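Open the model in your viewer and keep the selection tool handy. We will go from the core out to the loops.

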Amino acid sequence: GAAVESIDVPAGGAFCVGRQHQPGFFERVLGAEPRSLSYISRSHFTLQADEAGGGAFRLTNLSVNPINVDSHQLDQGEEAVIRVPSDIDFVAGEAEVP
């Protein structure tokens with residue numbers, strides 16, 4: 001199977017994920033698929049501890065490129081509350097049309 005890669009999220013404050021914030025990470029993960037980098041924005045999404053607490057995080061998609069969070073598509077500006085473990089997938093290609 002495919003190797004699993006992860007990014008450690010520091011405690012407290014907002015944490016931004018994207019090519020600008022984790023230099024070299026996405027290039028290593030994608031390796032043979034450099035064209036897929038175009039679907040990952042410099043600042044793609046933020047994670048922040050949810051105000052409700054309980055180990056939840058609020059994820060906000062900053063990018064015009066959608067992401068899937070636990071199989072639910074988030075478009076630019078949309079948010080989701082997630083708990084560990086959650087799957088966050090970058091979407092390659094056109095966004096789904098409802």
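Start with the largest nonpolar core, which has 14 residues. Select Phe 26, Phe 45, Leu 59, Ile 67, Val 69, Leu 74 and Ile 82: these have the most contacts inside this core. A nonpolar core is a set of buried Ala, Val, Leu, Ile, Met, Phe, Trp, Tyr and Cys residues joined through side-chain atoms within 4.5 Å. Buried means under 20% relative accessible area, exposed over 50%, and partly exposed in between (1.4 Å probe, protein chains only).

Now colour the elements that give two or more residues to this core: strand E1 (15-17), helix H1 (25-30), strand E2 (45-49), strand E4 (67-69) and strand E6 (79-83). Helices (H or I, at least four residues) and strands (E, at least two) are DSSP runs, numbered from the N terminus.

A word on the model. It is predicted: local features need pLDDT of at least 70, side-chain atom pairs count only at pLDDT 80 or more, and totals for chains, interfaces and linings use all residues. Residues are numbered from 1 along each chain as its sequence is written, and side-chain values use heavy atoms, with hydrogens and water left out.

Next, pick Leu 74. Which residues does Leu 74 contact, leaving aside neighbours within four places in sequence? They are Leu 59, Asn 61, Pro 66, Ile 67, Val 69, Glu 79 and Ala 80. Contact means heavy atoms within 4.5 Å.

Move to the loop between E4 and strand E5 (72-74), where you find Asp 70. Its phi is near 50°, a positive value. Asp 70 is partly exposed, at 42% relative accessibility. Ser 71 lies in the loop between E4 and E5. Ser 71 has a positive phi near 70° and is exposed, at 72%.

Last stop: the cis peptide bond joining Val 84 and Pro 85, with omega about -5°. Pro 85 sits in the loop between E6 and strand E7 (88-90). Most peptide bonds are trans, and most residues other than glycine have a negative phi.
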